Amino acid sequence: VELSPNYKQDQSVYALVRGNFLKSTDSGTTWQRQVRGLDHKRPLVAFAIAPTSPSHLYLTTAGDGLYESEDSGETWRRSNQGLPELSLDQVAVSAAGVVFVAGHDGNLYRRRGENNWTLSLSTTTPVSAIATTPDFVVIGDRQGQLYSSTDGGKTWSGLATAASAITSISLPDTNATQQFWIGTAGHGIL
């Protein structure tokens, strides 16, 4: 479940539930299934909202690639040009407009604007969490390894390894600090 970055104005809430993408424009009182342009055959896996363009949404699938909406989920189109993997586990969008998707085999791809996708990081374990600010990006994998980038995903450094799979990462809304929190499968919040 995600709130629109403009929630105070538009009262929009989005949810991915049992393979359905749902939208509410009345703070969650009523919900509508959003399907126009979603011709996927494989399950929907994750979604993200562009923080500086709240009408811009992204959905990943387990075999049909990435779908993109520019009208708050009312219509969708595939956005796979240059993307060599179509089974995608994660998606995140930075405030600088860089979109990241994580393939099921451990590769992380990035795209800025309408450019083609490029390989950002290749690992041997699938990425299980991504968090971004305009330039600082942190990812975690199913083995507990953390990686960070201070240039929007162009280059990466390995960080500490947690004792279990990374399930979530939270960053402050600013680049002023590189402090972050991680949720793990077996050891809570670190």
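Strands β3 and β4, the latter covering residues 32-33, pair in the antiparallel sense over 2 bridges. Strands here are DSSP runs of E with at least two residues, numbered from the N terminus, and two strands pair if DSSP finds at least two bridges between them. The bridge partner of K23 in β4 is Q32.

This is a predicted model, in which local features need pLDDT of at least 70 and side-chain atom pairs count only at pLDDT 80 or more, while totals for chains, interfaces and linings use all residues. Residues are numbered from 1 along each chain as its sequence is written, and side-chain values use heavy atoms, with hydrogens and water left out.

β3 also pairs with strand β2 (residues 13-17), again in the antiparallel sense, over 5 bridges. A15 stands opposite L22 of β3. The two strands form a hairpin with 2 residues between them, and R18 in the turn has a positive phi of about 50°. Is β3 enclosed or open? Because 4 of its 5 residues, 20-24, are buried, β3 is largely enclosed by the rest of the structure. Buried means under 20% relative accessible area, exposed means over 50%, and partly exposed lies in between, with a 1.4 Å probe and protein chains only.

Elsewhere, 4 strands form an open antiparallel sheet in the order β5-β6-β7-β8. Its edge strands are β5 (44-49) and β8 (77-78), each pairing on one side only. Strand β7 (residues 66-69) is joined to β8 by 2 bridges, and Y67 stands opposite R78.

I turn now to salt bridges, defined as a side-chain nitrogen of Lys or Arg within 4 Å of a carboxyl oxygen of Asp or Glu. The count comes to 6. R77 forms one with E68 at 3.5 Å, N to O, and another with E70, at 3.4 Å. E68 is buried at 2% relative accessibility, whereas R77 is partly exposed at 34% and E70 is partly exposed at 47%. Together with R111, these residues are linked in a network of salt bridges.

Another pair is D89 and R142, at 3.1 Å, N to O. This pair links distant parts of the chain, 53 residues apart: D89 is in strand β9, and R142 is in the loop between β14 (137-141) and β15 (145-149). D89 is buried at 10%, while R142 is partly exposed at 39%.
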